[in-house]
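Subject: Structure handover

Hello,

Here is the structure I promised to pass on. Please open it first, then read my notes below.

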Amino acid sequence: MSVGFIGAGQLAHALVKGFTAAGVIATHRITASSPDTDLPTVLGLRKMGVNLTTSNKETVNKSDVLFLAVKPHIIPFVLDEIGPDIEDRHLIVSCAAGVTISSIEKKLLQYRSAPKVMRCMTNTPVVVKEGATVYATGTHAEVEDGKLLEQLMASVGFCTEVEEDLIDAVTGLSGSGPAYAFTALDALADGGVKMGLPRRLAVRLGAQALLGAAKMLLESEQHPGQLKDNVCSPGGATIHALHFLESGGFRSLLINAVEASCIRTRELQYLADQERISPAAIKKTTLDKVLQQPGVTNFKDRLRTAPKSNPNDFAKLFIDT
Amino acid sequence: MSVGFIGAGQLAHALVRGFTAAGVIATHKITASSPDTDLPTVQQLRKLGVNFTTSNKETVSRTDVLFLAVKPHIIPFVLDEIGPDIEDRHLIVSCAAGVRISSIEKKLQQYRTSPKVIRCMTNTPVVVREGATVYATGSYADVEDGKLLEQLMASVGYCTEVEEDLIDAVTGLSGSGPAYAFTAVDALADGGVKMGLNRRLAVRLGAQALLGAARMLLDSEQHPGQLKDNVCSPGGATIHALHVMESGGFRSLLINAVEASCVRTRELQYLADQEKISPAAIKKTTLDQVLQQPGVTPDAVGVRSRGISMFNSSSSSSRTKKK
């Protein structure tokens, strides 16, 4: 089985590192593509022994499981480019926040009658095999396809199937969650440094404390509130600290964060569903690089009839006729 | 080597579970004592196969490494009780927040010339072998004693030696840290539930996200800010969420928390250093239970009559000094 990544950024890099550390797939069976070769992650992927190419079509040809690891607004663009090359064997796994299975299927149905699509939301700690992944299965993908993806993703962390309409909420919680944690760790370390600890030790202790607590929670049947109670001795240091957190609305800020990320994800979905990509959203150099790839003819054809500097005609490229 | 715990509460329980999971010591070589047998942790320690007793003196006589796992204000009380029974072999490890090595040595020197004391600060995730522990070595403990403790504590998580005057700050950060994390996961799960997830999945995903992020940071040489940047795609969901957090002063709340815990720890130290324990701080039933233990005389715990503070220095001159 070969795995391909459309996109060679943070997500592709993290997944490849995780998969190879877990030993579920050899790097020579992984292909990744991106028109932009300047990304630092591209170098990282090359070093790992991944087949790197600037041609998305080449990635499609070389793989069976195809991860779409590009930003949401790029998805329609990529689907039009690779649509003609999708075969029966391909399993398309979109990792793009907010992009619905139905919008992907709708685009691909222009090229194949039964495209196998899955949607997943994962997060960067897959790189250390402690990711959090959920997935939903599309109309034409089988239960076995779901199991295959689950096997892959379970090798790099927690993975479970969910109803598709929960995925935006998951994005807000565990998709964005690591960023909340990194911010918290930076602040905790600042606190430690303020009270006299050297920075390195403060970062280490803060991260270890979060890790240990999270592990306790995952391995326990108890409520987080009960575990919190267990740490708070009467009149002790911890309950004094907790009062400060509560006074400042700590909990509310985290609820707000999950909500804000989820809402923005739904906005991104709305933008992606437009099926139009504004010319303002792609660099001319990137577009040129794509057009230079072997086999990308459908765009060339469409572009030939459009005057170069007319944004409306450019936009028409991506509207269903 | 036998290990003993004075105190059979949350900390003793967590350490015992961690040590036994790590296989560094067999449960039959562990003894724990407490006058209060109603604690739920007492039951759990018994189930683990630990020798449980109501006599602190018994714990002392059966062990080599002795953890003081009681609340800070109880420390002077316990030291007076067990002081006469300390032998050369004993290594006293105090886990009590804020209690300084010098105050413990001072008390024990009424009974022995060179008591071996180490102070440590650990945290409850030792129970899943992901604890964070620091320690400082007292005047009469050797480097080998420090290494012995480090071996024990490293079996249940991260452990490093520090200067003693950093320990209160460590208490504020990693000692109390798990409570900040539990509160955070509770809130994150509320957020997930608000946006439509079922509670169990929300708790699972929240905890997993924190665990994964912490693991990434520990395994990386990069700054947390850099790792945060890497998760924030331009115009994406995450940076929107981060803005909301920053607007609310999220970072400041955590700095406040670490500071508050550290400051309170120093207050506790001050109280413990008083060497007096108000009779209001011990239940009469507890005191009675202690006095009923074989070998514990009212003089030894400084009780002359009811209602008087137990640790005035005048009472110590009547005790036998061991060499």
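The model is predicted. I started with the cavities.

**The largest cavity**

How much space lies in the largest cavity? About 100 Å³. Its lining is made of 14 residues. Nearest the centre of this cavity are Ala184(A), Leu210(A), Phe250(A), Ala184(B) and Phe250(B).

The lining of the largest cavity has 14 nonpolar residues, no polar ones and no charged ones.

**The second largest cavity**

This one has a volume of about 70 Å³. It is lined by 10 residues. Look for Ile75(B), Pro76(B), Val99(B), Ser103(B) and Ala272(B), which lie nearest its centre. Three elements of chain B give two or more residues to the lining: helix 4 (75-82), helix 5 (101-108) and helix 12. The lining residues of the second largest cavity split into 6 nonpolar, 1 polar and 3 charged.

**The annotated domain**

For chain A, its annotation "domain: Pyrroline-5-carboxylate reductase dimerisation" covers residues 164-268. That span is 81% helix and 0% strand. Its end C-alpha atoms lie 16 Å apart.

For chain B, the UniProt record (unreviewed entry) lists "domain: Pyrroline-5-carboxylate reductase dimerisation" at residues 164-268. Here the chain is 82% helix and 0% strand. The end C-alpha atoms of this span in chain B are 16 Å apart.

**Chain A as a whole**

Chain A has 15 helices and 8 strands. It holds 321 residues, and 58% of them count as buried. Take the contacts in chain A between residues at least 6 apart in sequence: 70% of these join residues at least 24 apart. Chain A exposes about 13000 Å². Carbon and sulfur atoms supply 51% of that area.

Start with Leu11(B). It lies in helix 1 (residues 10-22) of chain B. Which residues does Leu11(B) touch, leaving aside those up to four places away in sequence? They are Ala69(B), Cys95(B) and Thr122(B). Leu11(B) and Cys95(B) are 84 residues apart in sequence, yet 8.7 Å apart in space, C-alpha to C-alpha.

Next, two backbone angles. Most residues other than glycine have a negative phi. Lys129(A) is not a glycine, but has a positive phi of about 60 degrees. Lys129(A) sits in the loop between strand 6 (116-121) and strand 7 (131-137) of chain A. Is Lys129(A) buried, partly exposed or exposed? Lys129(A) counts as partly exposed because its relative accessible area is 35%.

In chain B, look at Arg129(B). Its phi is positive too, near 60 degrees, in a residue other than glycine. Arg129(B) is placed in the loop between strand 6 (116-121) and strand 7 (131-137) of chain B. With a relative accessible area of 39%, Arg129(B) is partly exposed.

Best wishes

Methods
Residues are numbered from 1 along each chain as its sequence is written. Chains are lettered from A and ligands numbered from 1 in the order in which they are written. This is a predicted model: local features need pLDDT of at least 70, side-chain atom pairs count only at pLDDT 80 or more; totals for chains, interfaces and linings use all residues. Side-chain values use heavy atoms; hydrogens and water are left out. UniProt positions are given in the numbering used here, feature names are shortened, and annotations may be inferred rather than shown by experiment. Helices (H or I, at least four residues) and strands (E, at least two) are DSSP runs, numbered from the N terminus. Buried means under 20% relative accessible area, exposed over 50%, partly exposed in between (1.4 Å probe, protein chains only). Contact means heavy atoms within 4.5 Å. Accessible areas come from the Shrake-Rupley method with a 1.4 Å probe; for residues, only the protein chains shown count as cover. On a 1 Å grid over the protein atoms alone, a cavity is a set of points where a 1.4 Å probe fits but cannot get out, and a pocket is an open set with protein on both sides within 12 Å along at least five of seven lines; lining residues have an atom within 4 Å of a point. Grid points are joined across faces, edges and corners, and a volume is the space filled by probe spheres set on the points. Ala, Val, Leu, Ile, Met, Phe, Trp, Tyr, Cys and Pro count as nonpolar, Asp, Glu, Lys and Arg as charged, and the others, Gly among them, as polar.
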